[in-house]
Structures are given as structure tokens and as C-alpha cells.
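Visitor: Could you take me on a close look at a single part of this model? I'd like the cut-offs spelled out as you go.

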Amino acid sequence: MSDDALSGSKAPTARNFFSALQLDTRLLGMIGAFVVLCLVFNVFTDGRFLTPRNVFNLTIQTVSVAIMATGMVFIIVTRHIDLSVGSLLATVAAVMAVAQTDFLPNALGLELGHPMLWILSIVAGMVVGVIIGAFQGWMVGYLGIPAFIVTLGGLLVWRNAAWFITDGQTIGPLDETFTKIGGIGGTLGETWSWIFGVLAVAAAFALQFMSRKRKSSHGFPIKPLWAELTISGLIAASILGFVATLNAYDIPAARLKRIFAAAGETMPEGLTMGYGIPYSVLLLIAVAVAMTIVAQRTRLGRYIFATGGNPDAAELSGINTRFLTVKVFALMGGLCALAGAVAAARLGFSTNDIGTLDELRVIAAAVIGGTALSGGVGTIYGAILGALIMQSLQSGMAMVGVDAPLQNIVVGIVLVFAVFVDILYRKRTGD
Amino acid sequence: MTTPLVEMKDICISFGGVHAVDHVSVDLYPGEVVGLLGHNGAGKSTLIKILSGAYKADSGEILIDGKPVTINSPRDARAENIETIYQTLALADNLDAASNLFLGRELTSAMGFVDDDAMEAETRKIMGKLNPNFKKFNAPVKALSGGQRQSVAIARAVYFNARILIMDEPTAALGVHETQMVAELIQELKKQGLGIFLISHDIHDVFQLCDRVAVMKNGQLVGSAKTTDVTDDDVLGMIILGKCPEGATPGPGALNDDTVLG
């Protein structure tokens with residue numbers, strides 16, 4: 001879609017089928033690795049890995065890390081690192097939990113279940129996240145303290161700040177509406193999922209068509225129409241296939257009965273209903289689209305990549321790289337808050353150990369997704385795919401019955417190996 | 001005589017006690033090319049970076065069209081139509097030619113989004129004039145040859161209607177053919193009335209391209225002269241010995257004859 005508008009080589013003639021499609025070979029490689037991984041696990045689990053139920057669980061388990069990974073791309077692209085995201089998530093989750101269970105009901109007198117509860121607590125979490133992020137960014141950009149040190153300190157500070165906010169207690173149960181963003185508790189249902197899928201396909205087609213029209217109006221070489229249609233077809237098939245899979249995961253009959261009972265109706269005999277797309281996945285999609293637009297279509301994104309590619313050149317071009325650092329870290333803080341909302345809502349509680357080691361998962365996801373630690377290179381979709389690969393690896397091994405220590409050993413090896421393959425790829429393509 | 005386009009008066013800057021630029025005054029007239037010469041570390045690049053906004057002078061004054069201006073950042077310099085081609089080219093290697101050309105000055109659509117297609121179209125236009133062989137519009141600039149990278153840097157400087165152009169070693173990384181192209185470009189820009197500061201090590205280049213030379217040594221100005229009034233050897237003497245020949249206007253860094261004779 002819009003990625004092709006930037007990265008395609010726009011060769012006027014097609015040598016063969018694949019060069020005419022002008023696909024991003026690195027993206028293809030990642031998707032290929034992911035598909036192979038899924039198929040292997042599917043064989044070893046006797047077909048349990050690729051059931052609608054497991055696909056559903058995989059997606060909701062990935063969301064929190066994937067949301068943060070999109071922000072980590074910008075951090076790493078500007079040649080920084082953020083080790084504090086897991087702890088920041090804990091602090092923000094604690095703020096949101098205390099806000100909705102204690103502060104707002106007691107201080108403002110809002111009844112439990114009041115719709116303002118979940119809205120205000122998410123807003124409070126976002127504000128705290130952005131402020132903490134901006135503060136860390138200010139120390140990196142204006143005080144010149146290396147990001148590694150600032151956020152290593154943050155890792156310790158925010159994990160334990162969270163402890164003080166909650167007095168070390170598990171806070172919950174959380175507001176019922178709030179927990180809907182966690183995953184299984186809040187889904188679109190079959191009909192709306194199909195509507196969403198069709199709209200997404202329409203949007204993909206429209207974007208591709210508009211990009212093509214713009215290019216031809218400038219007289220640039222464009223892809224052959226059949227290539228464009230093939231790509232559109234593939235995108236449409238994957239979107240609709242994804243929706244179909246999530247819709248195929250049926251709500252258990254007992255739960256369905258409760259839902260009908262709550263609505264004061266009796267459930268018709270033999271009725272089945274699928275879950276459909278979880279709200280948390282919708283949130284991730286929204287974040288992914290917004291972050292991709294920022295990366296490719298805004299000055300902020302352009303300056304982030306320019307600064308990562310050559311900080312001196314960016315400075316000489318009049319870019320305020322210090323303030324840019326603050327913005328990037330503030331954005332990361334805001335995304336930690338969103339991820340924290342999803343993580344706490346999924347558990348239904350805010351716990352002390354929420355988000356522990358997430359910083360490593362997030363960095364690994366970004367790096368497996370092709371973000372170069374040397375700066376200047378990285379994509380949002382790559383980071384999300386990286387998060388999905390990490391999560392699949394972890395839960396696939398758990399399903400196969402690999403011992404927990406061995407799981408971590410494998411994840412560690414895969415991380416190093418993935419980066420090595422990426423280095424080889426870059427050398428080969430001169431990218 | 002007319003008002004100089006640029007006058008840098010009594011500029012000083014030091015780094016940790018070292019006087020990198022020490023009471024230097026130079027000027028530049030419209031349609032003129034002034035060569036800045038000197039050894040490595042003589043302070044030419046530092047002086048020029050003060051004009052381009054990369055450094056801030058400790059003291060001294062910059063006048064443009066006779067009016068004093070304050071240049072605190074590269075943005076200020078660009079606002080005064082001062083464009084610079086740095087020795088390092090200052091390109092973001094991971095971005096394509098158009099993104100580099102418009103870096104910091106992106107064209108945006110009505111909605112405020114960066115308009116890559118419009119920038120590419122403009123880049124194709126200007127590159128068509130500067131370097132018709134340039135074809136790699138969608139590759140990151142690190143995939144380009146030295147000459148192609150140079151033409152991106154030059155295109156960036158001339159695209160935005162510069163009045164004052166600073167070129168730091170513009171031909172250092174170039175082949176014979178490309179050097180010739182830069183020389184032709186300089187002649188063309190001169191005709192359009194731009195003032196150009198040219199930093200170079202190549203005396204031959206300097207005599208071919210420049211109307212005047214200013215020589216620096218140890219952060220001080222040795223002197224300046226019209227290229228028609230001095231010879232290659234005179235200029236070499238200025239660079240190496242700091243000796244100001246007849247026909248040149250001596251500066252504060254000129255070797256006093258008395259000290260030579262003892």
C-alpha cells in the first residue's frame with residue numbers, strides 16, 4: 001500500500017513476475033519465516049497451533065508488546081534505546097488502576113461503572129506516560145546523558161514508583177468497560193468484524209489507486225496494472241482470511257448463555273457466535289496506521305529518520321534534534337500507556353510484576369523486525385511482525401511442551417540469529 | 001564601489017583556549033568568487049561555519065547588503081539565502097535524493113503531509129539540469145557514487161534561490177569530468193549574480209575559478225588579493241610562510257618583514 005509508494009524501485013519495465021510486483025524482499029523474508037514457524041509448530045502440536053482459538057490468543061497476547069514496539073522503532077532509529085518501557089508500563093498501569101478503583105470514585109464521587117471512570121483513567125495514564133517519556137527524552141536530548149543510562153535508571157525507578165503508587169498491592173478488579181480493551185472480554189462480533197474487514201480492503205484498494213494516480217499525474221513510471229491487482233488481491237485475501245479466522249473462534253455456549261441471560265433473553269437452541277476482532281487488535285491497527293503515517297508522511301517522521309541516518313546533517317539542515325529526542329521519547333511514553341491499558345485490562349488487575357522484561361521483548365521485536373541499532377533504518381510493520389514472531393515462538397514452544405528455561409534459550413538464540421541474517425541481507429543488497 | 005553582499009568583520013571564535021578564528025575580516029561582492037585558502041586547521045572551515053550558522057562567533061559582526069544580521073543557527077542562515085555545500089556533504093545516507101534535497105524544507109500537501117511525489121518531481125527537474133545522468137531517484141543516497149552525492153548536495157544549495165553560496169572543497173571527491181561540471185556551474189551561478197565562497201586546496205582550481213583569494217594561517221588572515229595581481233608562488237608563500245606579497249592587502253596574520261630580516 002503506502003509503503004510501496006516509498007520503497008518501490010519504480011523500474012519502468014518488468015524483467016519477470018516478481019520484479020514487476022516490486023515487493024519488499026525483506027518483508028517477504030519475515031513473512032516467510034513467520035509462516036514456516038507457524039507450520040512447524042502446527043505439525044508438532046498435531047494441528048493445535050493454527051486453530052482459530054490459538055490464533056485469537058496469539059493476537060491478543062501480542063498487542064501490548066507490539067504497540068510499544070512501534071514506538072521503539074522511532075527510538076532506535078534515532079540511535080537511542082529505551083530500557084524503561086516495561087517499568088514505565090507498570091507505573092502507568094498502576095496510575096490507571098488506582099485512578100479507576102480509588103481516586104476517581106472517592107475523590108470525584110464517580111460511582112463504580114460510571115463511563116467517565118475508564119475514560120478519565122486512560123487519559124490520566126496517557127498524560128503520566130507522556131510526561132515521564134518527555135522527561136527522559138529531555139535528559140537524553142538536552143542534558144546529553146546517554147539514553148542507555150537514563151532509561152536503565154528509569155527501569156529501576158519506574159518499576160518501584162509503581163510499587164509506591166499501589167502500596168505493593170494488586171489493584172482490581174478493574175472497571176468492566178476498561179477490561180474490554182484487554183482482549184477476550186471485548187470483541188466486535190461476527191457482523192461488525194466482516195464490515196471492518198470489507199472497509200479495510202476498500203481502504204487498501206483506495207490507497208493503492210490514489211498512489212498510482214498521483215504517480216502517473218507526475219509522469220513517474222508505475223507498476224503494470226496486473227501487478228498492482230495481484231498485490232491488492234493478496235492484501236484483500238489476508239485481511240479477510242484474518243477476519244474469518246477470528247470469527248471462526250466460537251464463544252463457548254455457557255458464556256453465550258450468560259450473555260443472553262444478562263440481556264434478559266433466552267438463547268435459541270443450537271446458536272453459535274464467533275468472537276470476531278478484539279478491540280485491543282483494533283487499537284493496535286489504529287496505532288500501526290497512525291505510526292506509519294507519522295513515519296512516512298510527516299515532517300516529524302522525516303526528521304526522525306534523517307537524524308538517525310546522519311545527526312550532523314540533520315542539525316545543519318536546521319532540524320532541532322534535541323527537541324526531536326524529547327518528542328520521540330514522549331511518544332514512546334504515550335504508547336507505553338496504551339500498552340499498559342491493554343495489559344492491565346487483559347489481566348483484569350494491575351499487578352506489581354506487570355510488564356516485567358517487556359523492555360527486552362519490545363527491543364527484540366523491533367530488532368527482529370529489521371530496525372538497525374546503528375540508526376536510520378526501521379519500519380512499523382516490521383516491528384509488529386517481529387512482536388508476532390516472538391510471541392508465536394514463545395507460545396508455540398509452550399504448547400509443544402518445551403521446558404521454560406529452554407524456551408528462553410531458544411528465544412535468545414533466535415534474536416541473535418535474526419540480526420545476523422539481517423546483516424547478511426544488508427551486505428548482499430547494499431541496503 | 002557597491003556594497004558588499006557579505007561582510008564578516010573582526011570575527012573571533014575559540015575552542016577550549018585555541019583561537020580557531022582570530023579577528024578575521026573578509027568580504028564578498030555579488031557575482032564574485034572568493035577563494036579561501038590555508039593549511040588544514042588554518043580556520044577556513046570554522047570561519048565558514050560561522051557564516052552558515054553551524055557555529056556561533058564569540059565576537060565580530062556579519063553584515064549582509066550592509067545590514068548587520070544575527071546568525072545563530074543553520075535556519076537563520078537559510079533565511080538570509082545563505083546555502084552551504086559542506087565538505088562532508090551533510091547528507092542523510094538512508095534517505096533518497098529528494099528527501100535530502102528538501103530536508104528541513106519539505107514540500108507538504110494541503111493536509112500538511114509530506115508530499116514525496118511533488119518533491120521527487122522537483123528533484124527530477126533540477127537534476128535534469130545539473131546532472132542529466134542522474135537516474136537513481138528512489139535509492140538511498142548511500143547507494144550513489146561520489147559525484148552523484150555531490151550533485152545532490154549542490155542541487156540542495158542552488159534549488160532554494162541562494163544569494164550567497166559556500167562551497168567547502170566541492171571537487172575534492174570528484175573525477176575530472178565532474179570537476180569540470182562544477183566549474184561550469186560556478187561560472188553560471190556567477191553570471192546570475194551569486195556571491196560564492198570557495199574553500200579549496202587546489203591552487204590551480206582557485207586561479208581558474210576565483211576572482212579573489214583570502215589566505216588564512218593559524219586562525220588569522222594573512223591577506224587577500226585579486227587573482228590577477230598575484231602568482232601561484234605568491235599565494236603558496238602566503239599559505240606556507242604567511243608572507244604577504246606585493247599586490248596583496250595584508251591582514252593581521254601577515255608576517256612582518258622586519259621579523260623576517262631579524
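Guide: Helices are DSSP runs (H or I, at least four residues), numbered from the N terminus, and strands are runs of E of at least two. This is a predicted model, where local features need pLDDT of at least 70, side-chain atom pairs count only at pLDDT 80 or more, and totals for chains, interfaces and linings use all residues. Residues are numbered from 1 along each chain as its sequence is written, while chains are lettered from A and ligands numbered from 1 in the order in which they are written.

Now to helix H16 of chain A, residues 358–368: 10 of its 11 residues are buried, so by that cut-off the helix is mostly covered. Among the buried ones are A:Asp358, A:Glu359 and A:Arg361, along with A:Val362, A:Ile363, A:Ala364, A:Ala365 and A:Ala366. A:Val367 and A:Ile368 are buried too. What does the covering? It includes helices H4 (52–77), H5 (85–107) and H7 (147–166) of chain A, as well as H17 (380–400) and H18 (404–429) of chain A. After H16(A) comes A:Gly370, with a positive phi near 95 degrees.

Elsewhere, 26 residues of chain A are in contact with 24 residues of chain B. On chain A's side, H13(A) gives the most, with six residues.

Technical notes
Buried ≥ 20, exposed ≤ 12 C-beta atoms within 10 Å, placed from the backbone. Contact = placed C-beta atoms within 7 Å.
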